[in-house]
Amino acid sequence: MDNKLQTVWGSVLGELEIVLSQANFQTWLKGTELAELEGSKAVIYVPNIFTRQWIQDKYHQEILDAIRKVDPNISNVEYTTKKASAEPAPKPKSDDNSIKMPINKAREKYSNPNSGQSTIESYGEFRPNEKYKFNNFITGSSNKLAFSAAQLVSEKPGEMYNPLFLYGPAGVGKTHLLWAISNEIHARDPQVKILYSTSEEFINTFLSAIRKGEKFTNKYRVADVLLIDDMQFIAGKERTQEEFFHTFNALHQYNKQIVLCSDRPPKEIPTLEERLRSRFEWGMVADIQPPDFETRVAILMNKANSHSIELNMDVAEFIATHIDNNIRELEGALTKVIAHSRLHGQAIDLSTAQEVLGMYIQKSQVKVNAKTVLQKTADYYEISFNDITGTKRSREVVVPRQVAMFIMREELSLSFPRIAKSLGGKDHTTIMHGVNKIKTQVARDSVMSQDIQSIKKLLVG
């Protein structure tokens, strides 16, 4: 893509990033390029036919509007899966230091405090897990902070957010980010020693060393980057906490990167020593909440796209509606639908999804609609249905009303006018303001996020 096309397309993407959600922008538009711009026609390169069809059906008008802001003469936009130029990208020269410089600096900082010891037996070769990368992690309001922090850590290990502590319930993407950090650092410099472990493995290794009368320090303290999953299991284990305290200090003293994951923040891990708790909070503590409806749909569409499977939106929305808090279950449900359709030669349509996922439908026998959302939200906040749909402007009523707006928008995908109608015909701009206000608050306030998750459970109770 020449400089002019690149400049134009950069401006267009900037416009689209404002109009579309972050999840949809990342999934469908991140890999696109402007292949041609001539007269009244623009040609856009897309990675595959499924993306082309999706963009044509869903975002054509938005793309056309964005291009016309840059070039008003454009009246026709076409999409192609063939790049305008087959000229290969230039390979970096062998003496190119653009990548090596920061890693070399990191290696200087990663000088081994135990350099006199052999690390052959105590440290195994790191094997990248290609399944988990930053470019296939779908972001949304529930995980944007954690994702950004993880990227910064991978770019400048030992410099930004050390330690990085990620927390959230099972199946929301913590392990994905751990592996993404590992893979990115390894890709930048394979010589960096990366150790990925779980707290259970740490505990077992420590106990085994005690039984065998061996030194424990070799394996963990020679790592340049240490990533530990499920830190909550260290709770109540005094001797293990003592050893991890010294391991943490040894690594942190030499600016070696530490990344930890848990199902809860440090302050909520029971019987965790205060000196460890304070160290876990030295850097960045970021939470990952269950994905919202829009992000769940994007995750499903991205997974189907990665397997070259055409997935109808109604199927994705059906799955996303019934599985709302666990990405593993979400992707597992899609895998079941795909496997069933292949085995029986059926199309991947809504009826097939309903047949295969009947067990999830049974979990939510109550039909969720706007009225149900309003009633359950009112019940949760202990106000009446008439209050939440009425005109009272006190905070005790306005906040629940805005929460209901947010849930109807995110979970039921209702339009702003439809939400307005369910609330007695309020102006749709009022609905937009309410939804955006709660969306912003959810990203910053874990209490609000927990309130919304509790109301969702009431909806299918």
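Which residue forms a salt bridge with Glu410? Hi everyone, the partner is Lys439, with the closest N and O atoms 3.7 Å apart. By salt bridge I mean a side-chain nitrogen of Lys or Arg within 4 Å of a carboxyl oxygen of Asp or Glu. This pair links distant parts of the chain, with Lys439 in helix 21 (residues 428-444) and Glu410 in helix 19 (residues 395-411), 29 residues apart. Helices here are DSSP runs (H or I, at least four residues), numbered from the N terminus.

A quick word on the source: this is a predicted model, where local features need pLDDT of at least 70 and side-chain atom pairs count only at pLDDT 80 or more, while totals for chains, interfaces and linings use all residues. Residues are numbered from 1 along each chain as its sequence is written, and side-chain values use heavy atoms, leaving out hydrogens and water.

Back to our pair: Glu410 is buried, at 6% relative accessible area, whereas Lys439 is partly exposed at 30%. Buried means under 20%, exposed over 50%, and partly exposed in between, with a 1.4 Å probe and protein chains only.

The whole structure has 10 salt bridges. Another one joins Arg275 and Glu242 at 2.4 Å, N to O. Here Arg275 sits in helix 11 (residues 274-280) and Glu242 in helix 10 (residues 238-253), 33 residues apart. Both ends are partly exposed, Arg275 at 29% and Glu242 at 33%. Asp387 and Lys392 also pair, at 3.0 Å, N to O.

Key
Helices (H or I, at least four residues) and strands (E, at least two) are DSSP runs, numbered from the N terminus.
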